[in-house]
Amino acid sequence: MGGVGPAPKPNDRRARRNKDSVPQTVLRWEHAEAPELPDFRVEKDGGLVEFVWPERTREWWQVWIDSPQAEHFGTTDWEYLLDTALIHARLWGGDVSAAAELRLRVAAFGATPADRARLRMVFADADGADGGRGRSGGASAREQYGQLRMMPGGKAAPPASGD
C-alpha cells in the first residue's frame with residue numbers, strides 16, 4: 001500500500017535545489033609547530049637593515065602560540081598568521097591603515113568570542129563543565145524548591161498598587 005498524500009515532486013521540479021555543486025575535499029590532518037618570528041632585513045634609505053619586531057607583536061605572537069586554537073593549526077595556518085604578524089607590526093609601528101586587514105585576518109582564527117561563535121568553536125572545558133547535564137552544575141530549581149507546596153485555602157497575592 002502506498003503512502004498517504006500526493007506523490008513527491010520530481011527532483012528537477014522541487015523548489016529547493018541548493019545541493020552543493022562542488023563536493024567537499026577531505027584533507028589529511030597534519031599538526032604543525034609554531035615557527036619563531038623570523039629575522040630578516042628590509043630596505044630602508046637605499047640599504048638593507050635588520051627588521052626589529054615590536055615587543056607588542058612578540059607578545060601577540062606568543063598569545064597565538066599558547067591559544068587553544070593553535071593545536072589545530074597546520075603549516076599553511078602558521079604561514080598565514082606569520083604574514084598577519086607583519087601587519088600587526090605595521091599597526092604597532094603607527095600605520096593605522098593596517099587595522100582593518102589585521103581585524104579580518106585574526107577573525108579567521110577565532111580571535112574574539114564573536115569570531116569563535118561564528119566559526120562554531122567552543123572550549124572543551126565549557127562543554128564538559130556541566131558533566132553533560134546541560135546546566136551550570138548548581139542545584140536546579142526543582143532541587144531547590146521542589147519541596148514547596150501551596151497551603152490549602154491560600155489566595156493569590158493582591159495586585160501591587162499602580163497595576
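The side chains of D95 and R90 meet in a salt bridge, 3.0 Å from N to O. By salt bridge I mean a side-chain nitrogen of Lys or Arg within 4 Å of a carboxyl oxygen of Asp or Glu. Before I go on, two notes on the source. This is a predicted model, in which local features need pLDDT of at least 70 and side-chain atom pairs count only at pLDDT 80 or more, while totals for chains, interfaces and linings use all residues. Residues are numbered from 1 along each chain as its sequence is written, and side-chain values use heavy atoms, with hydrogens and water left out.

Back to the first pair. D95 is partly exposed, at a relative accessible area of 28%, and R90 is partly exposed as well, at 41%. On these terms, buried means under 20% relative accessible area, exposed over 50%, and partly exposed in between, with a 1.4 Å probe and protein chains only.

How many salt bridges are there in the whole structure? A search finds four. I will take two others, both within helices. Helices here are DSSP runs of H or I with at least four residues, strands are runs of E with at least two, and both are numbered from the N terminus.

In one of them, E101 and R105 join their side chains at 2.9 Å, N to O. Both residues belong to helix α3, residues 99–107, and because they are four residues apart, about one helical turn separates them. E101 is partly exposed, with a relative accessible area of 36%, whereas R105 is buried, at 13%.

Another links D115 with R118, where the closest N and O atoms are 3.8 Å apart. These two sit in helix α4, residues 113–118, three residues apart, so about one helical turn lies between them. D115 is buried at 12% relative accessible area, and R118 is exposed at 51%.

The structure holds 11 aromatic pairs. Rings of Phe, Tyr and Trp, the last by its six-membered ring, pair if their centres lie within 6.5 Å; planes under 30 degrees apart count as stacked, over 60 as edge-to-face and the rest as tilted. W60 and W64 make an edge-to-face pair, 6.4 Å centre to centre with 70 degrees between the planes. Both are in helix α1, residues 55–66, four residues apart, or about one turn of the helix. W64 also pairs with F73, this time tilted, at 6.3 Å between centres and 35 degrees between planes. W64 is buried, with a relative accessible area of 6%, and F73 is buried, also with 6%.

Which residues do the ring pairs link into a cluster? They are W60, W61, W64, F73, W78, Y80 and F109.

Last, the loop between α3 and α4, where A108 is found. A108 is partly exposed, at 46% relative accessible area. Leaving aside neighbours within four places in sequence, A108 is in contact with R118 and L119, contact being heavy atoms within 4.5 Å. A108 and R118 are 10 residues apart in sequence and 9.6 Å apart in space, C-alpha to C-alpha.
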